[in-house]
Amino acid sequence: MTTNNNNNNNNNIAVIIKHPLNDVEFVLVKQTPPPKFNDEEYDSYVDSPLWDLPSTKLNLLEQGSEQGSRIFVDGYDSLQLDLSVFDVDSALTQVLSQIEVKTIHVEGWRYLKVVEEPEFGPGKPIRTIYVIGSLLPDIPISQESSSSYTWFSSEKCLDLLKDVKPSSERVGPLVVIGLLNDLVQSGWKGVPSTLPYQEYPPGVILVPMRSRTQKPFQTTNLAIFAPQNVSDYHEDVDNNYVACGDALIVDPGCHFQLNEQLKKVVAALPKKLIVLITHHHRDHVDGLSTIEKCNPEATLLAHENTMKRLRKGEWSLGYTKVSGGETICIGGEKLSVIFAPNRRCATVVALSILALSSYQTTMKNLLLSIEALEQPRGHTDGHVALLHDSTNTLIVGDHCVGQGSAILDIFSGGNMTDYFKSTYKFIDLSPHALVPMHGRVNLWPKNMLSSYLRNRRSREADILKTIENGANTLVDIISQVYAEVDRSLWVPASSNVRLHVEHLAEQDKLPKPNSTNFSESLQGFSLETFKSSIAEFSGKEFSIQKFRRTWFPFLARYIWPYLISKYLCKNKKPKTSQLLIFGAVASFALLIPVITKLYSKFSNQ
């Protein structure tokens, strides 16, 4: 995509340095992995080497600066891209330092193209400007492989991309998107022009589409596999696969306003279409009914627990059950289904609905949910992942997200023990690229998965320390562990706290109470007391003071700001049903002082 949006300072420059003695080879630089954790276990999980074009951030020239570029880059259209507003000299100097040469050692600079990535979020899309230069013949750069840079050809890059092994060297997205995708028609080209997409690794097409997801993200990645050169497979081979088709779609979760765009995608795909959903959340399944209408012959793959949670009308045809270990054949390419039990939370919606009920019903539901700590959930939810064997690309659904951390959904069987097991399972696969359904492709999968393990364990250690220091209720733990976090986030955080407490109990790490002389604040932790910290909101133990501390900040700090940001700031007219809901919530909040007085009056009689 070409654009003249020079005000966007989210620009990078990638450089293709041609070999001085031939026109085939170019320099790739070994990319620097993320910092180590200084922990023996996590640092033992090392991603394989990643080679890509040398690149750096391209900054705008300071306002009022009269210094023009001393380096002339030929071939760009100033109406589409005005390079004169950028500090090209500094950027090229920095890039060339990665291969230990100077700008005077390169000649014939010319513009190739500019590529703006799709809106993965949560930040603005990155725009990459590609330029080409030729190295002078007499400069002292090694013609052999270096530890940090080496000569590659397009053929060598394609060989690495085709002959993928778990620990083999990798080729990065800059060279693939900027150079190789133009040379090789590796994937399907039927995405509507109005939908920006990215193809990396080759054959893995990602279309971020607006969805009803949670902040800070606004899109869900629609993954498409549609090999152009479909190999012939016979019916007798089909028995080795759970499903065979000519194309595959993963997680069609786009907003209903994009149904027409989704229809165009489905209409351009082969009729023998497979659809896989990683889990049941609306931002992953909202487009199912559109696919069903557009292609009634499509085959749906899902875990049986995911199908149980689908809403009426989302998919009325039959489906093929997957539970992990199955393989799918798409145009002769193999994909493996991996059972990965974990869930991303949508607690705010559930708790908002509870708040509209009478307070007795609300507290009863909260009590029932906390009692689930005693129920063995194990592999009772239906989250699955998908491994594209030919590129060793792992699609993880909501196990990971592009920024921040995923929240486990306690209302759909979330389990911290299973989450840890799934994470280790993913690490053992040694994926070359990790694709979350929200955010960018992650190029350092083992590092990312290790950081999730580290962060979870760090949070769990904080919870355990808080318990050992006397915290014995859910509110006490949250208020201390999340003391510096906005209270509007305490409700969804409570799910993780409860799952961490359950995980600590399974590991027998919780402090034991003294059966003869037990002091709750000093000598131990009781799951019964922990449960009663929610149960006290019901019946005789109901505490209106704790209820006010919990719910009034939630209503005041979430519902009202949400209404303002969602509608008033965007000049959107809310529906009548939405106004009634917000009115009911506001009325409920205003009635809290009246409930307080009535409770005090009757309790003193």
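Asp251 lies in the loop between strand 13 and helix 5, where helices (H or I, at least four residues) and strands (E, at least two) are DSSP runs, numbered from the N terminus. The model is predicted, so local features need pLDDT of at least 70 and side-chain atom pairs count only at pLDDT 80 or more, while totals for chains, interfaces and linings use all residues. Residues are numbered from 1 along each chain as its sequence is written, and side-chain values use heavy atoms, with hydrogens and water left out.

- Asp251 has a phi near 55°, a positive value in a residue other than glycine.
- Is Asp251 buried or exposed? Asp251 is buried, because its relative accessible area is 1%; buried means under 20% relative accessible area, exposed over 50%, and partly exposed in between (1.4 Å probe, protein chains only).
- His255 has its place in the loop between strand 13 (247-250) and helix 5 (259-268).
- With 17% relative accessibility, His255 also counts as buried.
- Leaving aside neighbours within four places in sequence, His255 is in contact (heavy atoms within 4.5 Å) with Arg210, Ser211 and Arg212.

**Other backbone features to look for**

- Here is a handy rule: most residues other than glycine have a negative phi, and most peptide bonds are trans.
- Glu100 has a positive phi, near 65°, and is a residue other than glycine.
- You can find Glu100 in the loop between helix 2 (88-97) and strand 5.
- Glu100 is exposed, because its relative accessible area is 62%.
- Gly121 and Pro122 are joined by a cis peptide bond, with omega about 0°.
- Pro122 lies in the loop between strand 5 (106-116) and strand 6 (127-135).
- From Lys215 to Pro216 the peptide bond is cis, with omega near 10°.
- Look for Pro216 in the loop between strand 10 (205-210) and strand 11 (219-225).

**The whole chain**

- The protein chain has 18 helices and 21 strands.
- Of its 605 residues, 53% count as buried.
- Among contacts in the protein chain with a separation of 6 or more, 73% come from residues 24 or more positions apart.

**Aromatic rings**

- How many aromatic pairs does a search of the whole structure find? The search finds two aromatic pairs.
- Phe37 and Tyr42 form an edge-to-face pair, 5.9 Å centre to centre and with 70° between the planes.
- For the terms, rings of Phe, Tyr and Trp (its six-membered ring) pair if their centres lie within 6.5 Å; planes under 30 degrees apart count as stacked, over 60 as edge-to-face and the rest as tilted.
- Both Phe37 and Tyr42 are buried.
- Trp51 and Phe152 form a tilted aromatic pair, 5.8 Å centre to centre, with 45° between the planes.
- This pair links distant parts of the chain, with Trp51 in strand 3 (residues 50-52) and Phe152 in strand 7 (residues 149-153), 101 residues apart.
- Both Trp51 and Phe152 are buried.
- The charged end of Arg456 sits over the ring of Tyr419, 4.6 Å from its centre; a charge sits over a ring if NZ of Lys or CZ of Arg is within 6 Å of the ring centre and within 35 degrees of the ring normal.
- Lys113 lies over the face of Tyr130, at 6.0 Å from the ring centre.

**Helices**

- Helix 4 (residues 173-183) is mostly covered, with nine of its 11 residues buried.
- The buried residues of helix 4 include Pro173, Leu174 and Asn181.
- The axes of helix 11 (residues 416-428) and helix 14 (residues 490-506) come within 8 Å and cross at roughly 85°; axes are lines fitted to C-alpha atoms, for helices over the stretch in contact, and angles run from 0 to 180 degrees between N-to-C directions.
- Helix 11 and helix 14 are therefore roughly perpendicular to each other; angles under 35 degrees count as roughly parallel, over 145 as roughly antiparallel, 65 to 115 as roughly perpendicular and the rest as oblique.
- Met416, Thr417 and Phe420 of helix 11 make the contact with Asn496, Leu499, His500, His503 and Glu506 of helix 14.

- Leu310 has its place in the loop between helix 8 (304-309) and strand 16 (320-321).
- At 14% relative accessibility, Leu310 counts as buried.
- The C-alpha atoms of Leu310 and His280 are separated by 6.0 Å, although the two are 30 residues apart along the chain.
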